[in-house]
Amino acid sequence: MPTATETAAKPAPAKSAPKKPASDAEKKPAAEKKPATDKKPATEKKPATDKKPATDKKPAADKKPAAENKPAGATEKKPAADKKPAADKKPAAPAAEKKAAAPAKKVVVEVDEEPAAPVYVPKLPVTLPVLNTLEWASCAKVLENLINFTPSLGSALAQLRPYKSAQQLVDQMNQALDGLPPTYIESFLKRFSDLPLIPKSKLTKEHKCCVGLDKLTEEQKSELQPLCNEYREKFGFPFVVCAREAKVAELPIKLRSHLLNTKDQELESGRKEVKKIARLRLLEVVAA
């Protein structure tokens, strides 16, 4: 028979036994609950991953307003790249170049001012002794108009001084003209005008020496003008004749005969006429 001690002791283990399931049950909820694992709020929600606002939206990549539209945008605008105003204009560089070039210009101006000084020309005509004693530039200036302002001829004649007589001066001039090649003679001939076609208002005293030139009628002009034009077209220079030794009535005949010549023949004929003109002008500026 159980004793009172045993009977009283037995229920105690029964009370302690149920404590085990309580401890298991209490422990299990923590394992079953696993709120973080089952709920997986961060994993399921994945707000950043599912939403992917930046990746799906891709405002810059999908929209690409500047690349697709570019009406007044990068492609058409691009003013700085296409224009390159600073590179083309280079405002600073010209300023630097101007500053550097300024002193050089001043030097050139100073040097040019000396030859630009007025050349002394005595009252014409001059005597031969005066011509021989003139400064070289003044002598060349006196003689440069022998063939319609030809400084080269005046300079050459001034270099050959002194002259013993006016005829020696004429001979030296003719010798200089004879030594010139045909191309130079052609350039001299081009300095003259067609004698019959000079307007009456521009006729000089020398031109009026040609008999009848200042009284040229319209009928005479209409006859001479086609001949003068034909001569110039054929040879490339006008028909030159010494006005002081010509007559208007003879000009049509002379023109027709000269039109039958070659260019070389007309250059030599022009050389002779130029020598006549230069000789008469020389005797006007240098007294014998």
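I began with Lys276 and Glu245, whose side chains meet in a salt bridge at 3.8 Å, N to O (a salt bridge being a side-chain nitrogen of Lys or Arg within 4 Å of a carboxyl oxygen of Asp or Glu). The pair links distant parts of the chain, with Lys276 in helix H21 and Glu245 in the loop between H19 and H20, 31 residues apart; helices here are DSSP runs (H or I, at least four residues), numbered from the N terminus.

For my own record, this is a predicted model, in which local features need pLDDT of at least 70 and side-chain atom pairs count only at pLDDT 80 or more, while totals for chains, interfaces and linings use all residues. Residues are numbered from 1 along each chain as its sequence is written, and side-chain values use heavy atoms, with hydrogens and water left out.

Asp178 forms one with Lys275, the closest N and O atoms being 2.9 Å apart. Asp178 lies in helix H16 and Lys275 in helix H21, so this pair ties together parts that are 97 residues apart in sequence. Arg256 and Glu223 also meet through their side chains, at 3.7 Å from N to O; Arg256 is in helix H20 and Glu223 in helix H19, so parts 33 residues apart in sequence are tied together. I also noted a network of salt bridges that links Glu206, Arg244, Arg281 and Glu284.

Next I turned to the largest nonpolar core, which has 52 residues, with Met173 and Leu282 among those with the most contacts inside it (such a core is a set of buried Ala, Val, Leu, Ile, Met, Phe, Trp, Tyr and Cys residues joined through side-chain atoms within 4.5 Å). Its largest share, 7 residues, comes from H21. Not counting residues up to four places away in sequence, Met173 touches residues including Leu153, Leu157, Lys275 and Leu282, contact meaning heavy atoms within 4.5 Å.

Last, I checked helix H15 (residues 151-159), whose buried residues are Leu153, Gly154, Leu157 and Ala158. Seen down the axis of H15, they fall within an arc of 135°, so they line one face of the helix, the arc being that of the directions from the helix axis to the C-beta atoms. These buried residues pack against helix H14 (136-143) and helix H16 (166-178).

Technical notes. Buried < 20%, exposed > 50% of the residue type's maximum accessible area, 1.4 Å probe, protein only. Helix = DSSP H or I, 4+ residues; strand = E, 2+ residues; numbered from the N terminus.
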